[in-house]
Amino acid sequence: MRTIRPLLAAVVAALAFASALLFAAAPASAHDVAESTNPANGARVTEVPASVSITFNNRPLAIGSGVTVTSGGENWADGAVEIIDNMAVQKLRQGAPAGEYTVVWRVVSSDSHPIEGTFTFTASGTSTTTASGQAGASQSASVAVPTAGTAAPGTENIEPAPAASQPFPWSIVGLAVVAIALVIFLAVTARKKLAVPNDPDGENSPE
């Protein structure tokens, strides 16, 4: 009986270890990802848009979010980032010049993990929209803010965020299952051995 108890304790410990691995691995597969950007990565637009946006698969948190829109060494972002549904929207200052723009974004995903990324676009003309936020409707259809779940053209070039979702670690789960099976096998084997009477003189041996 004394031999069985340590083995049962080992089985319980193995189960607890496997559960801890599963719960630790689950958050890694829950991080949000960017689905599209507006303008699309690498796009050429006729004029500098009134705002840029990044669409995510879930609604990001407003706290800790930031977007810079740089051209010619100057950041043309105007004010703080706005979280609208599952989009992070950053307005641009009026008078932004033509040229190549680099957008660097960072948000806190719905699971409280920060994610970040970057994309570029090129504007052929200067900004002609106002900074009131009402001029977004005057933008051409090619740079319209995408709705939820609608990917803008060229979004396959979005750089993956460092904290983006990761494949579920099935290899760890497999190792945990093998370890548990091994411990159970040892426990059953030891119990069978204890069930055989210990008779060194052979008195209980069958004739």
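**The core and what surrounds it**

Among the 21 residues that make up the largest nonpolar core, the ones touching the most other members are Val52, Val67, Tyr101 and Trp105. Four strands each supply at least two residues of this core: S3 (51-56), S4 (61-71), S8 (99-108) and S9 (114-123). Keep in mind that you're looking at a predicted model. As a bit of background, nonpolar side chains tend to be buried together in soluble globular proteins.

- Start with tyrosine 101: setting aside its neighbours within four places in sequence, it is in contact with Val48, Val69, Thr70, Ser71, Trp76, Ala96, Phe119, Thr120, Phe121 and Ala123.
- Is glutamine 90 buried or exposed? Its relative accessibility is 1%, so it counts as buried.
- A polar atom of the glutamine 90 side chain lies 3.2 Å from the backbone oxygen of glycine 79.

**The open sheet**

- Five strands line up in the order S2-S9-S8-S4-S5 to form an open sheet with mixed pairing.
- At the edges are S2 and strand S5 (74-75), each of which pairs on one side only.
- In general, strands of a sheet pair through backbone hydrogen bonds, and they can do so parallel or antiparallel.
- S2 (residues 43-45) runs parallel to S9, and three bridges join the two. Here alanine 43 stands opposite phenylalanine 121 in S9.
- S8 and S9 run antiparallel and are joined by ten bridges.
- These two strands, S8 and S9, also form a hairpin with five residues between them. In that turn, serine 112 has a positive phi of about 75 degrees.
- S4 and S5 pair in the antiparallel sense over two bridges, and threonine 70 has asparagine 75 in S5 as its bridge partner.
- Why is S9 described as largely enclosed by the rest of the structure? Because seven of its ten residues are buried.

**Salt bridges**

How many salt bridges does a search of the whole structure find? There are three, and here they are one by one.

- Arginine 93 and glutamate 74 meet through their side chains, with 2.9 Å from N to O. This pair links distant parts of the chain, 19 residues apart: arginine 93 is in the loop between S7 and S8, while glutamate 74 is in strand S5. Arginine 93 is partly exposed at 27% relative accessibility, and glutamate 74 is partly exposed too, with a relative accessible area of 35%.
- Arginine 106 and glutamate 116 form a salt bridge through their side chains, at 3.1 Å from N to O. Arginine 106 is in strand S8 and glutamate 116 is in strand S9, ten residues apart, so to speak a link between distant parts of the chain. Glutamate 116 is also the bridge partner of arginine 106 in S9. Arginine 106 is partly exposed, at 39%, and glutamate 116 is partly exposed, at 34%.
- Lysine 91 forms a salt bridge with glutamate 82, and their closest N and O atoms are 3.7 Å apart. Lysine 91 has a relative accessible area of 27%, which makes it partly exposed. Glutamate 82 counts as partly exposed as well, at 33% relative accessibility.

Note on methods:
Residues numbered from 1 in each chain as written. Predicted model: local features only at pLDDT ≥ 70, side-chain atom pairs only at ≥ 80, totals over all residues. Heavy atoms only, no water. Core = buried A, V, L, I, M, F, W, Y, C linked by side-chain atoms within 4.5 Å. Buried < 20%, exposed > 50% of the residue type's maximum accessible area, 1.4 Å probe, protein only. Contact = heavy atoms within 4.5 Å. Polar contact = N/O pair within 3.5 Å; in protein donor to acceptor, adjacent residues only side chain to side chain. Pairing = 2+ DSSP bridges. Salt bridge = Lys/Arg side-chain N within 4 Å of Asp/Glu carboxyl O.
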